[in-house]
Amino acid sequence: MTPQALSILGAVIAVSFGAIMPAFAEGRALAAAMDAIARQPEAGGTISRTLFVGLAMIETMAIYCLVIALLLLFANPYAH
Amino acid sequence: MPASPFAADIVFRVGPVPITRVVITTWGIVAVLAGGAFAATRRMSVDAPGRLQSVLEIVVETIAGQIRDTLRAPPERYVPLLGTLFVFLAVANLSAIIPGVEAPTAHVETPAALAVIVLLSTHYYGIRARGLRAHFGEYVKPNPLLLPLNILAEITRTFSLTVRLFGNVMSHELVLGIVLALAGLLVPVPLMVLGILIGLVQAYIFSILATVFVGAAVEARQPKETS
């Protein structure tokens, strides 16, 4: 395999795993937050604010994988 | 293949220093913010605040309240840095709405510079609050063996702060470009609305994390004072 093909493959693997795992994590966080809001509706504001920040944090992991993929595609020292 | 998000778009050079388009955008934002703040605070009054002054007071008090909630300490000393950070990031992330303007935070240099500012300011506030010895003594607690790990944590923290902001803003612009190329003119509009939300949330997260880092440097291992 050429370095180009390998780096494309690496980018695909990075993005796919980086999408699967944060999706699971975000689902769990959302389920827990909905559970908490159902139990305690008056704390909904605080919970959803914290949830928002937490979801953005989890999403950052996916973004890291995306950055790695883009580095492989655009700034790969071995493929150019 | 779309243009690389890592490429620098050099407009002109000042001696050996290349000036990119992003830097010019940043200068523009700084000029607008500083000039606007200067102009808006010329005729302030305690008895009869104008409409603009009231709006600005709400902004400042909201930021100060958030910092107070996070640090559990009087926020006056931290508002100038952290509040400016938030306002600048919000404007910088939202500047991509203006056609033809690219968000400065979509290139890795701007978030990296801001993260270094946060790193240095944690040391500044830590030394100022607790003294040189106590502040750097934190690195060899509970055991000098942990010194490399503590230094590593400091570096990765700064790095992740950079990549988080850069990746979120940059990936959003990339997705917009790809959707535009695939689907057509008006399809990315809902995504652009989402982009406004992402920009504000990322500005908030960056500032909150900076606040948490500063708070950790200021009051590490100290009993919380009553606020």
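Chain B has seven helices and two strands in its secondary structure. Helices (H or I, at least four residues) and strands (E, at least two) are DSSP runs, numbered from the N terminus. From the N terminus, the order is β-β-α-α-α-α-α-α-α.

A word on the source. This is a predicted model, where local features need pLDDT of at least 70, side-chain atom pairs count only at pLDDT 80 or more, and totals for chains, interfaces and linings use all residues. Residues are numbered from 1 along each chain as its sequence is written, and chains are lettered from A and ligands numbered from 1 in the order in which they are written.

Now chain B as a whole. Its C-alpha trace spans about 60 × 55 × 40 Å along the principal axes. The chain has 227 residues, and 26% of them count as buried. Buried means 20 or more other C-beta atoms within 10 Å of the residue's own; exposed means 12 or fewer; partly exposed is in between; C-beta atoms are placed from the backbone. Next, contacts. Two residues are in contact if their C-beta atoms, placed from the backbone, lie within 7 Å. Take the contacts in chain B between residues at least 6 apart in sequence: 65% of these join residues at least 24 apart.

Chain A next. Eleven of its residues are in contact with twelve residues of chain B. On the chain A side, ten are nonpolar, one is polar and none is charged. For these classes, Ala, Val, Leu, Ile, Met, Phe, Trp, Tyr, Cys and Pro count as nonpolar, Asp, Glu, Lys and Arg as charged, and the others, Gly among them, as polar.

On to H2 of chain B, residues 51–71. This helix has 21 residues and reaches 30 Å from first C-alpha to last, close to the 30 Å expected at 1.5 Å a residue. The expected span is 1.5 Å times one less than the number of residues. Which residues of H2(B) are buried? They are B:Ile63, B:Ile67 and B:Leu71. Seen down the axis of H2(B), they fall within an arc of 65°, so they line one face of the helix. That arc is taken over the directions from the helix axis to the C-beta atoms. Helices H3 (79–94) and H7 (189–219) of chain B are among what covers those buried residues. The face of H2(B) turned away from the buried side carries exposed residues, including B:Arg51, B:Glu57, B:Glu61 and B:Asp69.

Look at B:Thr70, also in H2 of chain B. This residue counts as partly exposed, because 19 C-beta neighbours lie inside 10 Å. Leaving aside neighbours within four places in sequence, B:Thr70 contacts B:Ile208, B:Thr211, B:Val212 and B:Gly215. B:Thr70 and B:Leu209 are 139 residues apart along the chain, yet their C-alpha atoms are separated by 9.7 Å.

Just after H2(B) comes B:Arg72, in the loop between H2 and H3 of chain B. Most residues other than glycine have a negative phi. B:Arg72 is partly exposed, with 14 other C-beta atoms within 10 Å.

Now H4 of chain B. Its 22 residues should span 32 Å at 1.5 Å a residue, and its end C-alpha atoms are 32 Å apart, which agrees. Buried here are B:Thr110, B:Pro111, B:Leu114, B:Ala115, B:Val118, B:Thr122 and B:Gly126. Down the axis of H4(B), the buried residues fall within an arc of 140°, so they line one face. Their cover includes H1 (21–40), H3, H5 (132–137), H6 and H7 of chain B. After H4(B) comes B:Gly131, with a positive phi near 90°.

How does H4(B) pack with H6(B)? H4 (residues 109–130) and H6 (residues 147–183) of chain B pack at about 145°, axes 8 Å apart. Axes are lines fitted to C-alpha atoms, for helices over the stretch in contact, and angles run from 0 to 180 degrees between N-to-C directions. H4(B) contributes B:Pro111, B:Ala112, B:Ala115, B:Val116, B:Val118 and B:Leu119 to the contact, while H6(B) contributes B:Thr158, B:Leu161, B:Thr162, B:Leu165 and B:Phe166. By class, that contact has nine nonpolar, two polar and no charged residues.

Last, H6(B) itself. Its 37 residues should span 54 Å at 1.5 Å a residue; the end C-alpha atoms are 53 Å apart, which agrees. B:Gly184 follows H6(B), with a positive phi near 130°.
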